[in-house]
Amino acid sequence: EVDDSGQKEYIRDLLAALDEAEERIDSLEVVLSEPTPTEIDENNGPNYSRLLAACRSSIDVIQHLNNILSENPSHGSSECIKIRTEGMINRWEKIENATLDKELKAMKRFEKWQQFCLELKNIEKWLLDSLQLLTSQTMSDVNIEKFIVELQKHKALITEIGGYKKSILTLNAAGQNLSSVFKSKNNSDSIKIKLKAVNDHWDKLCLVALEWQNKLQSEFLKSEDLKKTLSEMELWLKESRERLLAVPLKYKN
């Protein structure tokens, strides 16, 4: 059992713990009253885990001292302290749930931002690689076999462009959604700059691909190999026609 002097010391400690918990929970409630963080840097915004841990440590002390005093009741422990203790614990349980919920929302928001950045990075890399490939290609009097290879490569690229079109549209929609979520001007401007770079590269790629397609067509029509092949084919058709006409046709009755 705890003697009277020990009881008084526990009561003083409990009152001090209640004051500390009240101060910490008040601070946490102020943070919770603010909008969910919209910063795109995971290091920005309130550290909910740290704030929760501080409150939880005070509540643990309160519960421990309250258990001791409950097991050793005395006249020194008033009903007022008991009511205050129960009220503080109930208040803590509610704010703990609210804080965990808000922390989860902040984490999901940051995860969406990370996913957006990853998709943007992958698309940007594909755009730049495709642009470099197209702008480095040359075409001058190639034979038909090589032209067919170039045509197949271009066809594959056009198919890729068609496939990425949906991704570009989805990326723009996600960026607009994030811009509406991230209210700060710096975050919104950052998203707009990233999207503009991707859209500019997309427009340039489509333009360069069209120019290359026109060049392929033009060079093919001017190809000496094509002209030679067509001339040989024309000559063969002419000779074949002459041979056919020279064959006497005999009909039997």
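**Exercise 1. Describe the order of the elements along the protein chain, and state how many helices and strands there are.**

From the N terminus on, the elements run α-α-α-α-α-α, and the count is 6 helices and 0 strands, where helices (H or I, at least four residues) and strands (E, at least two) are DSSP runs numbered from the N terminus. The model is a predicted one, in which local features need pLDDT of at least 70, side-chain atom pairs count only at pLDDT 80 or more, and totals for chains, interfaces and linings use all residues. Residues are numbered from 1 along each chain as its sequence is written, and side-chain values use heavy atoms, with hydrogens and water left out.

**Exercise 2. Classify the ring pair of Trp-126 and Tyr-164, and work out which parts of the chain the pair ties together.**

Begin with the search of the whole structure, which finds 2 aromatic pairs; rings of Phe, Tyr and Trp (its six-membered ring) pair if their centres lie within 6.5 Å, and planes under 30 degrees apart count as stacked, over 60 as edge-to-face and the rest as tilted. For Trp-126 and Tyr-164 the centres are 3.8 Å apart and the planes are at 10°, so this pair is stacked. Next, place the residues: Trp-126 lies in helix 3 and Tyr-164 in helix 4 (residues 144–181), so the pair ties together parts that are 38 residues apart in sequence.

**Exercise 3. Decide whether Trp-126 and Tyr-164 are buried or partly exposed.**

Apply the cut-offs for relative accessible area: buried means under 20%, exposed over 50%, and partly exposed in between (1.4 Å probe, protein chains only). Trp-126, at 10%, therefore counts as buried, whereas Tyr-164, at 24%, is partly exposed.
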